[in-house]
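Dear colleague,

Please find below the structure that I am handing over to you. My notes on what was found in it follow directly after.

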Amino acid sequence: MPTRLILTLASLLVAAPALAGPLTLRLPDGASQIGVRTDAPAQFAMPIAGFDGKTVPVRVVTGALDQRAYRLDSSRDNTLALLQPLSDQLAQAGYTLIYQCATTDCGGFDFRFALNVLPEPQMHVDLGDFRYLAAQDGAGDVVSLLISRSADQAFVQVTSVSPSGHVAAPVVTGTTPNAPVADAPAVDTSVAQSPDAQNPDTQTPVTRTPVTQTPVIPDTPDQPTITDTANAAQATPSNLGDALLTTGSVPLDDLVFPSGKAALQDTDYASLADLATWLQANPTLTVTLVGHTDATGSLAGNTALSKQRAGSVRDWLIKHYGAKPSQIDAQGAGYLAPRATNQTPEGRAQNRRVEVMLTSTPPS
């Protein structure tokens with residue numbers, strides 16, 4: 001008998017004298033729990049339809065929240081093959097489907113950032129390949145599933161919310177030995193930023209600011225961004241400091257952000273080494289790292305993403321090159337400062353970048 005991973009979520013029937021049977025979801029062999037978040041009471045905004053061009057309609061559920069992420073190493077199943085058995089198990093347990101979608105049908109980038117997702121590396125979401133499902137049982141308890149994958153791993157996030165407050169923490173058996181399980185940092189699961197946040201358990205569309213926890217950079221290629229001719233000379237590490245003093249800002253065009261991630265690829269960066277050396281030689285000067293994106297997706301989401309990317313560069317300068325934190329700030333401009341057209345793939349690639357800007361001024 002193959003080993004199975006079993007999650008048990010107890011449900012309380014509001015109008016019934018006895019507890020309903022537990023919900024059991026069986027994941028494929030070899031699944032490891034790698035993230036968990038619990039909170040009670042919590043307000044959870046659960047999408048119930050795809051992005052309509054302006055908003056992601058959500059249902060706000062108040063109750064006991066339990067959210068867990070699982071990783072399947074070396075999994076070759078696609079996201080549909082992973083989701084379908086779980087969907088069938090929910091149906092067999094008496095859950096009614098509220099909404100189900102895949103990537104583009106969901107709304108892509110904008111839908112992803114309306115989701116409450118455990119942070120990387122606990123839950124990885126590929127913007128080009130994810131599936132979502134929301135369901136409810138007769139007692140009003142809800143479950144949402146988020147499935148995605150990388151090249152050789154699959155990721156499953158299971159979120160349950162019980163208005164009755166009686167959802168038990170999942171009882172997990174059959175996990176991969178020594179699999180690390182990390183507690184997620186405290187994240188506000190409320191929807192106070194939404195106009196309808198004071199009306200829990202509604203099913204009206206809510207205009208939401210995209211969730212900014214551990215954002216993922218959209219469409220970032222696994223290679224340095226394309227350098228345009230006008231900025232090529234400025235980006236040369238040997239004259240980066242001179243260019244900063246002369247022009248005020250310099251694009252760092254040798255940076256590499258892996259696809260779908262805000263963290264820098266682990267390698268050496270001549271531009272950052274030169275910038276750190278210049279900062280150490282000029283301890284009274286300060287700079288701001290400014291992240292930029294292409295025009296794909298909403299402004300709010302892109303602004304958050306670009307700031308995350310700039311923050312990654314700041315962290316890299318401090319950790320790997322010994323830069324002084326007080327000399328470096330990190331901000332995001334989203335798509336508001338393009339250096340090329342967003343109408344072509346080449347132009348969008350040029351617009352996805354981080355620039356360093358000199359912010360200190362000489363004394364008067």
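Two rings of Phe, Tyr or Trp count as an aromatic pair if their centres lie within 6.5 Å. By that rule, the structure, which is a predicted model, holds five aromatic pairs. One of them joins Tyr99 and Phe111, with 6.4 Å from centre to centre and 55 degrees between the planes, and this pair is tilted. Tyr99 belongs to strand β5 (residues 96–102) and Phe111 to helix α3 (residues 108–112), so the pair ties together parts that are twelve residues apart in sequence.

Are these two residues buried or exposed? Tyr99 has a relative accessible area of 15% and is buried, because buried means under 20%. Phe111 is at 0% relative accessibility and therefore counts as buried as well.

Phe111 also pairs with Tyr132: the ring centres are 5.2 Å apart and the planes stand at 70 degrees. This pair is edge-to-face, because the angle is over 60 degrees. It links distant parts of the chain, since Phe111 is in helix α3 and Tyr132 is in strand β6 (residues 130–136), 21 residues apart. Both Phe111 and Tyr132 are buried. Taken together, Tyr99, Phe111, Phe130 and Tyr132 form one aromatic cluster.

Ser148 is part of strand β7 (residues 142–149) and, at 0% relative accessibility, counts as buried.

How many disulfides does a search of the whole structure find? It finds one. This disulfide is formed by Cys101 and Cys106, whose sulfur atoms are 1.9 Å apart. The link of Cys101 and Cys106 is right-handed, with 100 degrees about the S-S bond. Both of these cysteines are buried.

Two points concern the backbone. Most residues other than glycine have a negative phi, and most peptide bonds are trans. Thr103 has a phi near 30 degrees, a positive value in a residue other than glycine. Thr103 lies in helix α2 (residues 103–106) and is buried, with a relative accessible area of 13%. The peptide bond from Ala40 to Pro41 is cis, with omega near -5 degrees, and Pro41 lies in strand β3 (residues 31–47).

Asn239 is found in the loop between α4 (229–232) and α5 (240–247). Its relative accessible area of 28% makes Asn239 partly exposed. Asn239 and Leu275 are 36 residues apart in sequence, while their C-alpha atoms are 9.8 Å apart in space.

Finally, a word on the confidence of the prediction. The protein chain averages a pLDDT of 75, and 72% of the residues score at least 70. Over residues 8–21 the pLDDT stays under 50, and the model has 32 contacts beyond four places in sequence for this stretch. The pLDDT is also below 50 over residues 167–237, a stretch with 202 contacts in the model beyond near neighbours in sequence.

Yours sincerely

Methods
Residues are numbered from 1 along each chain as its sequence is written. This is a predicted model: local features need pLDDT of at least 70, side-chain atom pairs count only at pLDDT 80 or more; totals for chains, interfaces and linings use all residues. Side-chain values use heavy atoms; hydrogens and water are left out. Helices (H or I, at least four residues) and strands (E, at least two) are DSSP runs, numbered from the N terminus. Buried means under 20% relative accessible area, exposed over 50%, partly exposed in between (1.4 Å probe, protein chains only). Rings of Phe, Tyr and Trp (its six-membered ring) pair if their centres lie within 6.5 Å; planes under 30 degrees apart count as stacked, over 60 as edge-to-face and the rest as tilted. pLDDT is the predictor's confidence in each residue, from 0 to 100. Contact means heavy atoms within 4.5 Å. A disulfide is a pair of cysteine sulfur atoms within 2.5 Å.
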